[in-house]
Amino acid sequence: QQAQLAKDAWNRQLADRILQYKNSVDDFIDTVLPCSKPWRRIGSVHTAFAGYMPASGKEVASYPKLCEGFEKLVSGFSRSKRVKLFTTNRTVLPFPFKAFEIQHHPTSPDLSFTFPGKQARPASWQDISMVIEAKATDNQDPFPRGGQTCAGTVEQLAKNARSLLLAHGALAVFVIGIYGETVRLARFDHSCAVISHPFLLKAKPKPDELSGEELLQKFLWHFVHPLVGGTVVGCDPTLKMLSLSDRQWLNLQLSKSAYRDWVHHVAELDKARRVEVFDQETGRYVPCILYGMIEVNGRLFSRASTVWHAIEDTRMWVNGRLVPDPTRPTSAPQCIVKDSWGQLSRVAETEFYARLAAKIPPEEYFGIATMLCGGDIGAKQHPPNHLEGKPGGWLPDGPFPLPFPQHQTYSWRLVFGEEYAFLERTHTRMMIKDIGRPLTQFESSRDVVQALRDSTFGHGLALRRAGVLHRDISIGNILLTAKDRDAPGHAGFVHDLDYSSFEDFDDGDDGIDDDPDGHSSTAGASTHAANEERRKERTGTFYFMAYEILASEPTVHSGHHDLESIYWVLVWIVLRHTNHSHPLGQKACSEVFVMPGDSTYPAAAAKLLWLTKQVRPGNQRLVVTNNEPLTQLLSDLAILVGKQLPDMWCTPRTSLTHEAMLEKFDAALAMDGWPEKD
């Protein structure tokens, strides 16, 4: 059942996100694979796939002939530009980042290409530049048809594209579909996929047209001769994987630091990368090394946010090599870097952090992340023929020849025109001062409660002092601070303001009242109405959404909904990571937190049932083993949450406030009986 729900989630994600390119396949290649060196016919390739004879139920037997055919297509390329195709249908490839493998099913692409110049069989997603999904018959082409089999075929392509995008931090990736002798080329980015018209692999072309073999050769030539970036089309020119000297420098810097647990975060250095963070305040680019994944959004068409442990790269370029800069401190600053693809129709996350910095004095800043620098690379690139302050070395010299920016998706506009720009996404990076680790990596449950308490305070501070409502409280958006328990500062903090909104707030007025929902008495009626419409959008991480958001639509998202989400984060952690009295043990989590489906009401009903059991007299409340403070806190917070629900028969209804939540957190933290290292 869980597997079917996951499939349904993929199908919903892919619905209406597969766009067909309107012009010819030849034009598709020229447009979406910008090339640094024009293609010319290389040798005779008309018999490259003569031995390829797919048969229903025996497609795997035909894979070696496909590999031979593609080898003939690239045989005339220079050795450094040749890609090699391997059968990988029996190679189980887990999700690209080990810490998150359990959350995502592994995949086995039918065939996989190496990167240019590499000849070894791929062992992981890091070794694969592009994949092919091959089926035996033409009628298995999934794009113009429906049905379960076709949906599953598209899902395979999409999962492979997702893994390629994440593994390489790519701007876009390509996947080839071969169905009998019908070929499709597909380009995936974080907003949608654009597919070519179908063409036949071996049919004799019309005059003045390219054959199927020639189209594939041209496609591969463009793929390995990118106009931007150093490897293949779609690679991010502001990102490079670490060399041996990079890794040595990183280990040296981390060993100098007082940062706890850094050794555990460099376990996958083969996936570490050096990136450039655009600083919108100064216009400069700050190099950072990302070395340990903290959180990842594994959805394909999404913000695709990744949050990393990072360190600023203080070295400088001398004669093509990075060497220590004698003018910089010997110990490089540590930070967190967030990389994401936000919707063009939304306010950039960096704007919310800028508002927080402008409205909250540094000495009062507490419980919420601090942005060191950041900016929208996509906005810097648009329009594409007007680039200013471009960083040296990663964009072509002279007039920018690309038909569209690379760090901003352009697929919807390419197919339907500029009026669809609101569906596009733009690439943003930012450096966050606070160094944190996931809530699930707690050592003691008291540390989690303290982190949630401090995050509750930070949430209220942002709302009341700066008019910033978070709107996406989840287990991934609250982090534990990487510091000792008794050290000064917050123990946890809220981050990830992608879905935040500005409440009724006049930039010329610092006066926001103490309404727990953050409504300003000075805002105009029109601004209030516009903000309310935006806040009626159902946003956030599904499992942690407030009951009212799930049960009724449209609902204006307010501060008390975020506070309820903090409660659900605590329940999630308790059910999954502690010993407790629920008869289902850790499986209780799936009973309370129902996966998203066609309707949100089952998820709302599950939360209502949980709260009813926790607050109604005569029901058995959840008991955390040998942890009376946490048991009492869960009960106290459940009562507060229950009082604001319309279906709990509480009279009168009372919305959650920051003061009430903080009072319960502080009371629990003051109790004796907290276990250590539980």
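Analyst: A residue counts as buried when its relative accessible area is under 20%, as exposed when it is over 50%, and as partly exposed in between, using a 1.4 Å probe and protein chains only. By that rule, 56% of the 678 residues of the protein chain are buried. The model is a predicted one, in which local features need pLDDT of at least 70 and side-chain atom pairs count only at pLDDT 80 or more, while totals for chains, interfaces and linings use all residues. Residues are numbered from 1 along each chain as its sequence is written, and side-chain values use heavy atoms, with hydrogens and water left out.

The protein chain has 18 helices and 22 strands; these are DSSP runs, numbered from the N terminus, with helices being H or I of at least four residues and strands being E of at least two. A contact means heavy atoms within 4.5 Å. Among contacts between residues at least 6 apart in sequence, 70% join residues at least 24 apart.

Now the salt bridges. The term covers a side-chain nitrogen of Lys or Arg within 4 Å of a carboxyl oxygen of Asp or Glu, and a search of the whole structure finds 31 of them. One joins K338 and E349, with N to O at 2.9 Å. K338 belongs to strand β15 (residues 334–343) and E349 to helix α8 (residues 349–359), so this pair ties together parts eleven residues apart in sequence. Both K338 and E349 are buried.

K338 also forms a salt bridge with D498, where the closest N and O atoms are 3.0 Å apart. Here the link is between distant parts of the chain: D498 sits in the loop between β21 (492–494) and β22, K338 in strand β15, and 160 residues separate them. D498 counts as buried because its relative accessible area is 8%, and K338 is buried because its value is 3%. Through shared partners, salt bridges join K338, E349 and D498 with R303, D472 and D496 into one network.

S501 is buried because its relative accessibility is 2%. Its side chain makes a polar contact of 3.0 Å with the side chain of E503. A polar contact is a pair of N or O atoms within 3.5 Å; within protein, one must be able to donate a hydrogen and the other to accept it, and residues adjacent in sequence count only if both atoms are side-chain atoms.

A salt bridge elsewhere joins E71 and K84, with the closest N and O atoms 3.8 Å apart. E71 lies in helix α3 (residues 63–74) and K84 in the loop between α3 and β2 (85–87), so the pair ties together parts 13 residues apart in sequence. E71 is partly exposed because its relative accessible area is 46%, and K84 is partly exposed because its value is 23%.

Aromatic rings give another set of pairs. Rings of Phe, Tyr and Trp (its six-membered ring) pair if their centres lie within 6.5 Å; planes under 30 degrees apart count as stacked, over 60 as edge-to-face and the rest as tilted. The structure holds 21 such pairs. F219 and F223 have ring centres 6.4 Å apart and planes at 10°, so this pair is stacked. Both lie in helix α5 (residues 212–224), four residues apart, about one turn of the helix. F219 is buried because its relative accessible area is 0%, and F223 because its value is 1%. F278 and Y285 make a tilted pair, 5.1 Å centre to centre with 40° between the planes, and both are buried. Y543, F544, Y567, W568, W572 and F593 form one aromatic cluster.

The accessible surface of the protein chain is about 28200 Å², with 52% of it belonging to carbon and sulfur atoms. F416, Y420 and F422 form a nonpolar surface patch with about 270 Å² of accessible area together. Patches are made of residues with over 30% relative accessible area and no salt bridge: like charges are joined within 9 Å, nonpolar side chains (Val, Leu, Ile, Met, Phe, Trp, Tyr) within 5 Å. Y420 is in the loop between α10 (411–416) and β17 (425–432), and is partly exposed because its relative accessibility is 31%.

Notes: Accessible areas come from the Shrake-Rupley method with a 1.4 Å probe; for residues, only the protein chains shown count as cover.
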